[in-house]
Amino acid sequence: MNPTNLIIYLIAGAIVGYVASRIMRTNSQQGLILDIVVGVVGAYLAGYFISPLLGVGTINEAITLPTLLVTLLGSVALLAVYKAVARR
């Protein structure tokens, strides 16, 4: 992976993580770094679990609207699990 792709993936991860944190109302609890982590881990989870179910490619193949939406879904699911565990 060349450095340009890495920067693009980090920016996409930050945007998806930020949107997911706004949807799950955790954005006041996390900063930019955690947004990126949520976006990247959400992309990984989405690529492993959700993409095969929906027949959509992963963000590693191409950054398109469907792959970003699947990544967003994975990020929202990650934050939902985090919120459920944090309440205990």
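Tyrosine 48 is exposed in this predicted model, and its relative accessible area is 55%. Phenylalanine 49 is exposed as well, and the two residues form an edge-to-face aromatic pair, with 4.8 Å from centre to centre and 90 degrees between the planes.

**Aromatic rings**
- Two aromatic pairs turn up in a search of the whole structure.
- One of them joins tyrosine 44 and tyrosine 48: the ring centres are 6.3 Å apart and the planes meet at 10 degrees, so this pair counts as stacked.
- Tyrosine 44 and tyrosine 48 sit about one helical turn apart, because they are four residues apart in helix α2.
- Tyrosine 44 counts as exposed, at 57% relative accessibility.
- Tyr44, Tyr48 and Phe49 make up one aromatic cluster.

**Alanine 14 in helix α1**
- Helix α1 covers residues 3-23 and contains alanine 14.
- With a relative accessible area of 13%, alanine 14 falls under the 20% cut-off, so it is buried.
- Beyond its neighbours within four places in sequence, alanine 14 is in contact with Leu32, Asp35 and Ile36.
- From alanine 14 to proline 3, 11 residues apart along the chain, the C-alpha separation is 16 Å.

**Helix α3**
- The 23 residues of helix α3 (residues 65-87) reach 33 Å from first C-alpha to last, close to the 33 Å expected at 1.5 Å a residue.
- Buried residues in α3 include Thr67, Val70, Leu72, Gly74 and Leu79.
- The cover over the buried residues of α3 includes α1 and α2 (32-54).

Definitions and conventions: Residues are numbered from 1 along each chain as its sequence is written. This is a predicted model: local features need pLDDT of at least 70, side-chain atom pairs count only at pLDDT 80 or more; totals for chains, interfaces and linings use all residues. Side-chain values use heavy atoms; hydrogens and water are left out. Helices (H or I, at least four residues) and strands (E, at least two) are DSSP runs, numbered from the N terminus. Buried means under 20% relative accessible area, exposed over 50%, partly exposed in between (1.4 Å probe, protein chains only). Contact means heavy atoms within 4.5 Å. The expected span of a helix is 1.5 Å times one less than its number of residues. Rings of Phe, Tyr and Trp (its six-membered ring) pair if their centres lie within 6.5 Å; planes under 30 degrees apart count as stacked, over 60 as edge-to-face and the rest as tilted.
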